Amino acid sequence: MDWNKTNTIFITAFLILNVFLFATLNYMSKAEYDPTKDKDFISDVVKLLDEKNIRINADIPEGTYTLPVLETEYEIINVNSSLLEKFLNEKTEPVDDVYKYSNSKGETLEIIDGKKLRFTLRNKVNDKISGKTDIKEEINNFLKGKNIDASGYAENFKYVSENDSIYIYNQKYNDYSMDNSYMYFFADNEGIYKFEMQRIASVTEITEKVRTIHAIESLPRILTYPEIENKEIAKIEITYYSVEDDNWQNIERINSDPTWKVIFSDGTQKHLPGID
């Protein structure tokens with residue numbers, strides 16, 4: 001990796017962002033300023049993104065949201081013989097500090113950071129997907145077979161490419177997606193080949209509510225992701241999200257903030273802070 005080039009990209013992105021945010025503060029000093037009605041502001045955003053060849057091909061939500069911050073507690077996965085048999089269909093005794101197991105069929109179960117469960121049934125095939133792309137019945141059968149409670153979850157995103165697809169189910173809170181509480185189903189032409197899950201066990205509203213910034217104000221923050229370029233924005237929506245950093249393995253309880261999410265046409269998703 002060229003670290004000098006990487007550092008230059010980061011520095012450039014943050015300089016651009018700081019200049020832009022300074023301009024935003026000047027705009028907002030005006031009484032009752034609404035950036036969605038400011039053509040110059042919108043033009044500036046479009047030009048900034050265009051420098052990275054990022055195009056907007058989606059409706060930009062116009063309003064703001066006044067929502068509570070959520071205190072979320074995560075389900076901690078206990079690696080025991082019951083869990084191993086449930087997924088691997090073989091009697092397997094857990095070993096201390098071992099978090100990846102496999103069976104005679106080559107299926108693997110991995111526990112990551114104490115909260116994420118990843119079950120790989122087989123290797124992905126590269127055949128072109130020629131059958132139906134609606135696999136809800138297969139998903140329901142998988143959940144039933146593994147005795148996984150999907151109540152409170154709903155399909156929130158689907159992306160299908162030529163030889164791969166992903167179906168994302170998220171836990172809902174008052175119709176808003178909690179993006180850290182999910183079930184991912186990875187499928188190819190032969191069906192589901194991998195499953196990943198992380199679950200929030202309990203949610204408590206923090207009393208004081210916060211008001212989000214406008215979606216258009218959050219979009220320049222895409223520039224803080226230097227790897228995002230040459231993409232098309234397909235959808236923008238408000239969600240709940242907590243940043244999963246290097247300390248995630250130690251987290252059991254954390255606040256989840258209202259956050260703008262950008263979905264690109266290639267299936268990439270990025271979360272942009274929704275509150276200042």
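How many aromatic pairs does the structure hold? I found that the structure holds 14 of them. I took rings of Phe, Tyr and Trp (its six-membered ring) as paired if their centres lie within 6.5 Å, with planes under 30 degrees apart counted as stacked, over 60 as edge-to-face and the rest as tilted.

**Basis of the entries**

I note that this is a predicted model, in which local features need pLDDT of at least 70 and side-chain atom pairs count only at pLDDT 80 or more, while totals for chains, interfaces and linings use all residues. Residues are numbered from 1 along each chain as its sequence is written, and side-chain values use heavy atoms, with hydrogens and water left out.

**Aromatic pairs**

A pair of aromatic rings is described by the distance of the centres and the angle of the planes. I looked up Phe87 and Phe119: the ring centres are 5.4 Å apart and the planes stand at 65 degrees, so this pair is edge-to-face. Phe87 belongs to helix α3 and Phe119 to strand β5, 32 residues apart, and the pair thus links distant parts of the chain. I took helices (H or I, at least four residues) and strands (E, at least two) as DSSP runs, numbered from the N terminus.

I then turned to Phe185 and Phe195, a tilted pair with 5.1 Å from centre to centre and 45 degrees between the planes. Phe185 is in strand β8 and Phe195 in strand β9, so the pair ties together parts that are 10 residues apart in sequence. Both residues are buried, where buried means under 20% relative accessible area, exposed over 50% and partly exposed in between (1.4 Å probe, protein chains only). I recorded one aromatic cluster formed by Phe87, Phe119, Phe142, Tyr169, Phe185 and Phe195.

**Nonpolar cores**

Which residues touch the most other members of the largest nonpolar core? I found Leu117, Met183, Phe185 and Phe195, in a core of 25 residues. Helix α3 gives the most to this core, with four residues. A nonpolar core is a set of buried Ala, Val, Leu, Ile, Met, Phe, Trp, Tyr and Cys residues joined through side-chain atoms within 4.5 Å.

**Helix α2**

I checked the length of helix α2 (residues 39–50): at 1.5 Å a residue its 12 residues should span 16 Å, and the end C-alpha atoms are 16 Å apart, which agrees. The expected span is 1.5 Å times one less than the number of residues. The buried residues of α2 are Phe41, Val45, Leu48 and Leu49. They lie on the same side of α2 because they cover an arc of only 95 degrees around the axis, taken from the directions from the helix axis to the C-beta atoms. On the other side of α2, I found Lys39, Asp40 and Lys47 exposed.

Is Gln171 buried or exposed? I found 15% relative accessibility, so Gln171 counts as buried. Gln171 lies in strand β7 (residues 165–173). Its side chain makes a polar contact with that of Tyr153 (3.4 Å); such a contact is a pair of N or O atoms within 3.5 Å, where within protein one must be able to donate a hydrogen and the other to accept it, and residues adjacent in sequence count only if both atoms are side-chain atoms. Gln171 and Tyr153 are 18 residues apart in sequence and 4.2 Å apart in space, C-alpha to C-alpha.

Last, I looked up His214, in the loop between β10 (200–211) and α5 (215–218). His214 counts as buried because its relative accessibility is 10%.
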